[in-house]
Amino acid sequence: MKRRVFVQNLAVSAALTAMAGCVRSATSSTSGATGSDIKVGILFSLTGGLEIVEKSMHDATLMAIEEINQAGGVLGRKLTPVIEDGASDPRIFAEKARKLLISDKVATVFGCYTGASVKAVLPVFTQQRGLLYYPTYAQGNECPSHAIYTGAVPNQQVSNFIPWIMKNLHAKRFFLVGSNYVFPREMAKVAKIMLKQNGGEFVADEYLPLNHTEWGPLVSKIKQLKPDAIFSNVVGTSTVAFYREFKNQGLKPEDIPICSTVTSEVETQAIGSEFVEGHYSSFPYFQSVSTPVNKDWVAKVKQKFGNNAVTHHAMECSYWQVHIFKQAAEKAQSLEPEKMRTASLGLEYEAPGGLVKIDPDNGNAWLTPRIGQCQADGQYKIVDEGKAPIKPLPYVAYGETTGNLYCTAKGLDTAKFKPQEQS
Amino acid sequence: MLSSILSGLSIGSVLLLVALGLTVIYGSMGIINMAHGELVMLGAYVTVFSERFLRLPFLLCLPLAFGVTAGLGLLIERVVVRRLYGRLLDTLLATWGIGIILQQVIRLSFGPELQNVSVPGFLTGEYRIGEVSLQAYRLAIFLVALALFAIALLILYRTDFGTQLRAVTQNPQISACNGINVNQIRSYTFALGSGLAGVAGVMVSGFNAVSPTMGTNYVVDSFIVVVVGGVSSLVGTVASSALLGSVNSVVAWMSNDVLAKVVLLGLAIAVIRFFPKGLFTIQSR
Amino acid sequence: MVSEMNLVKLKRFILSPYTLFIVAILIPPLFVVDPFWVNRLSLYLVFSVLALSMSLCWGYAGILSLGHGVFFGLGAYCMAMSLKLLSPDSLTQGTPFPLPDFIVWNTPPGEALKLPWLWVPFQNQWFGLVAALLVPALFAALVGWFVFYGSVSGVFISIITLSMVVILNLVIIDQQPLTNGFNGLNNLAMFNVGGFEFDPYGLPTYYLIAIACALTLLGTRWLTQTKAGLIFKAIQADEQRVKYFGYDIAAYKIFALSVSAMIAGLAGVLFVINSQYASPTIMDVTLSIAIVIWVAVGGRDSLIGAAVGAIAINAIQNVLSESESLINVWRLLLGILFLLVVMFLPKGLASLGSLLQRSPSVTTDTATPVEAVDSQPLKLLSQVEPRK
């Protein structure tokens with residue numbers, strides 16, 4: 001009996017010591033905040049499924065940090081990345097965001113890909129007065145006070161796309177398809193409003209779970225309804241099954257083009273270019289953009305990650321937003337997140353995709369809309385291109401215009417934003 | 001209507017393809033192999049590997065994947081499963097652990113990104129026969145699934161190994177008394193089931209995303225097929241794949257794919273509850 | 001003489017692993033100053049409550065549920081919805097009643113904004129709390145009634161519960177207008193008792209969770225030592241025999257599953273108070289199986305083992321996934337650890353203690369009679385044996 005008790009005590013005290021270990025590491029990590037290096041958080045999924053896209057964004061962020069450090073750092077101090085793995089789970093994203101802000105006390109966080117993960121971390125950033133640089137195209141309808149969004153919003157991705165499809169592809173009847181979560185549903189809602197404004201119509205809208213693999217029934221539905229075009233917000237691994245099934249059922253891009261706001265070079269590579277060839281995507285950046293800055297950048301990426309590596313919109317934003325952060329810190333002469341956010345507003349940078357600028361009102365980015373058609377080699381031929389970067393309007397579907405802004409530096413103007421009055 | 005049936009059959013053949021390996025292992029050994037999905041994944045990565053380094057034609061990957069996954073199955077049985085006979089729930093947990101390990105090993109060696117498997121030209125597009133259009137790839141899946149089924153039947157009912165295996169399934173003790181090397185038979189069975197999963201992986205890689213986590217999608221589907229079909233019967237597996245495929249296709253057509261999936265899972269639960277031996281088990285004696 | 005007995009008893013009480021565990025979980029905040037770590041340590045305790053629920057269900061009643069995430073998630077969603085309705089962003093939607101922001105997004109243009117009837121009672125936090133305990137328990141009773149009064153046994157229960165979690169996960173994601181789908185519920189109010197707000201990073205929240213954890217531990221221990229607890233063990237040892245004694249086995253199993261589900265619901269409540277968040281990923285297959293792993297590693301038939309297992313695995317997971325060199329391999333290491341434990345320590349790390357000690361005496365202590373448990377897998381196997 002006695003021995004058993006002893007053994008059990010031993011186990012418990014071992015557990016206690018282990019806990020004490022955590023405690024010590026916890027306290028030491030807080031004291032590490034006051035070094036000469038600047039800690040920045042990097043929060044993308046490195047495991048769990050979404051790393052298929054997010055890994056490249058993570059790499060691009062590290063690449064930019066390395067460049068900045070080689071050029072002397074920020075405010076004369078080196079950047080030290082604190083890398084966290086969001087594990088493709090919004091819950092983990094929120095937990096790691098808390099760790100980065102509260103425990104590591106990072107100056108800023110670069111991260112997030114899915115709308116779900118960003119929605120999970122935003123309250124943490126607001127509560128802790130942190131700063132998030134979010135590099136992914138988003139559905140708009142957000143006016144965050146503690147984040148800078150550097151990806152496209154609907155008026156830079158959809159507003160140009162729908163009229164272009166209707167005019168150049170002679171499409172009137174659209175089939176809307178997407179993964180089943182907020183981003184695709186909200187994008188579909190934006191598309192519906194724009195279809196209405198432009199005199200088009202939609203024949204159906206369908207949402208399938210993320211990672212859905214059996215696309216047979218859906219594609220046969222498309223086949224029977226014979227729409228003029230498909231507006232797709234299918235995300236992640238499902239894209240592979242979707243495009244392959246589409247071609248396997250004998251559908252051709254000349255008859256029914258898939259027009260996507262999600263399928264970029266990285267997805268195309270996985271699907272196989274022979275299945276995507278001829279379909280369209282709308283992004284402010286394609287690897288084929290022919291600016292000297294981009295050629296340089298693509299060469300650097302290939303040199304670093306191998307000849308098979310491709311670049312894409314979210315990856316490009318992940319890269320240049322770090323440079324914006326550097327400018328912001330230097331302009332603010334401070335690493336205080338709220339000051340840095342204010343300083344970020346209005347900054348410009350010559351990114352691979354052309355000049356970008358952080359909007360002084362809503363903290364999204366001025367970007368140049370582009371439409372690309374996939375070629376046999378998996379690269380996109382740019383078939384339509386804006387003349388200059390255009391102002392981001394996250395509430396464009398709800399009537400926001402450059403003359404009537406809903407989201408300003410003061411926050412969302414709820415007197416103007418009336419989601420229910422749109423018809 | 002006809003197209004709905006055809007689409008049901010094609011979904012069914014995918015189900016049959018991925019579930020066949022599980023039926024063999026579960027039906028004959030009573031082992032729940034949670035790593036089944038990862039073996040399918042491994043088969044898909046054999047295709048990726050062969051395309052990248054060996055440049056073998058797509059169809060040659062089928063035997064190659066069978067060899068690789070069967071070998072691994074043999075190893076898994078010898079090292080892990082064998083130690084856990086009689087501890088059913090532990091086998092379930094252990095094979096799940098193996099699944100995680102396989103996933104991570106593949107992730108570390110091939111990277112986390114989606115892999116692209118190119119499919120020979122004659123397997124894309126569709127063939128038209130009158131009013132009916134048949135997809136080449138789905139047809140190929142159907143044929144491969146049938147061929148595997150036939151091979152599995154042959155092995156089980158026309159070889160010495162099959163006879164011994166059935167004897168071991170019925171009563172391991174008496175089989176052992178009659179000089180059957182029970183352990184060896186079990187290893188080979190596990191290897192056979194794993195090999196079938198690998199072949200399924202090759203076929204799946206041609207029309208679906210290939211990534212380290214792809215397997216999790218298949219393991220639940222396979223279980224539903226096996227449970228509905230009845231654990232001990234290969235024919236039941238075929239019937240249940242066809243049934244589930246049609247149900248899926250019809251429900252997806254009438255409402256949506258989410259509901260179809262929910263109906264399938266609900267069906268599986270109901271079958272377990274009311275027909276614990278499966279819908280298609282032929283009562284022997 | 002008597003007083004000496006009492007002294008021995010007192011000493012045993014103080015040195016019992018239960019007391020030590022409870023003292024151990026009350027101490028850390030005295031040393032930890034970093035609010036993030038206070039919060040994270042309390043999250044570990046939430047998971048240990050969840051592990052207790054699994055241990056009760058699996059280790060004691062022999063029901064291996066691969067869908068425990070459902071009960072946890074239902075509890076979390078009930079609580080989270082209440083706190084969502086009390087949060088500032090639900091109160092500032094310009095409606096005369098609190099309305100979550102996602103309902104505004106998800107209402108089709110032109111339709112009137114209204115709170116779905118399902119959520120109307122949840123405007124009261126205490127209703128949410130009670131629902132978070134009762135909904136999982138009732139759901140479990142329903143599942144149990146369906147399953148145990150049939151001839152479903154052993155692994156098939158695992159498969160049914162697994163399917164159950166997949167179904168519920170699909171439904172929650174699909175019913176976006178009601179549940180905010182994949183994005184889940186966030187931006188919640190703090191749990192509020194009489195005007196006192198439980199800040200997730202504060203010590204009061206830690207102690208709230210620690211005390212709940214301690215009470216759960218004592219409660220489950222008490223339950224396992226009642227007659228019902230004995231019958232659970234007896235059912236595991238020989239179901240037929242217990243049946244012939246006239247016990248309604250199914251009723252006992254339903255009872256065990258429901259209590260376990262209610263504890264999982266409690267863990268869901270604590271999770272929401274700790275993390276201010278609920279999403280479909282907390283009621284998915286991955287989490288459900290993770291719970292099984294914690295308990296398997298810690299020791300399925302030892303309550304303390306399960307609780308410590310949950311804390312240990314989560315701590316290891318955090319340490320590994322946050323160390324730069326191991327960030328890529330932590331899942332692999334965890335998989336290997338899990339496999340090794342299942343193969344060589346079937347009763348988990350808790351059995352390390354009894355391995356060292358060879359005395360065959362069966363005590364009234366935590367250890368389950370060894371013979372009884374050993375015969376269980378064989379028993380289960382014979383029930384599952386596909387044909388005769």
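1. Residue B:L9 sits in helix α1 of chain B, which covers residues 2–29. The model is a predicted one, and the points below should be read as a description of that prediction.

2. Is B:L9 buried, exposed or partly exposed? B:L9 has 17 other C-beta atoms within 10 Å. A residue would need 20 or more to count as buried, and 12 or fewer to count as exposed. B:L9 is therefore partly exposed.

3. Which residues does B:L9 touch, if neighbours within four places in sequence are left aside? Its contacts are B:A242 and B:G245. A further pair is B:L9 and B:L139: 130 residues separate them along the chain, while their C-alpha atoms are 9.9 Å apart.

4. In chain A, helix α2 runs over residues 51–70, a total of 20 residues. From the first C-alpha to the last, α2(A) spans 27 Å, close to the 28 Å expected at 1.5 Å a residue. After this helix comes A:G72, with a positive phi near 110°.

5. The buried residues of α2(A) include A:I52, A:V53, A:M57, A:A60 and A:I65. Residues with other kinds of side chain are also in the buried set, among them A:E51, A:E54, A:K55 and A:H58. What do the buried residues of α2(A) pack against? Their partners in chain A are the strands β1 (38–44), β2 (79–85) and β3 (108–111), together with the helices α10 (265–271) and α13 (313–332).

6. Chain A has an open sheet of 5 strands, in the order β2-β1-β3-β4-β5, and the pairing is parallel. At the edges lie β2 and β5 (147–149) of chain A, each of which pairs on one side only. From one strand to the next, the twist averages 20°.

7. One pair in this sheet can be followed in detail. Strand β4 of chain A, residues 132–134, pairs with β5(A) in the parallel sense, over 3 bridges. A:L132 has A:A147 in β5(A) as its bridge partner. In general, strands of a sheet pair through backbone hydrogen bonds.

8. How are α2 and α4 of chain B placed relative to each other? The axes of α2(B), residues 36–54, and α4(B), residues 88–110, come within 9 Å and cross at roughly 20°. Angles under 35 degrees count as roughly parallel, and α2(B) and α4(B) are therefore roughly parallel to each other. Their crossing is left-handed.

9. The residues that meet between these two helices can be listed by side. From α2(B) come B:G37, B:E38, B:M41, B:L42, B:Y45 and B:V48. From α4(B) come B:G99, B:L102, B:Q103, B:I106 and B:F110.

Note on methods:
Residues numbered from 1 in each chain as written. Chains lettered and ligands numbered in written order. Predicted model: local features only at pLDDT ≥ 70, side-chain atom pairs only at ≥ 80, totals over all residues. Helix = DSSP H or I, 4+ residues; strand = E, 2+ residues; numbered from the N terminus. Contact = placed C-beta atoms within 7 Å. Expected span 1.5 Å × (residues − 1). Pairing = 2+ DSSP bridges. Axes fitted to C-alpha atoms, helices over the stretch in contact; angles between N-to-C directions. Parallel < 35°, antiparallel > 145°, perpendicular 65-115°, else oblique. Left-handed = near helix turned anticlockwise from the far one by under 90°.
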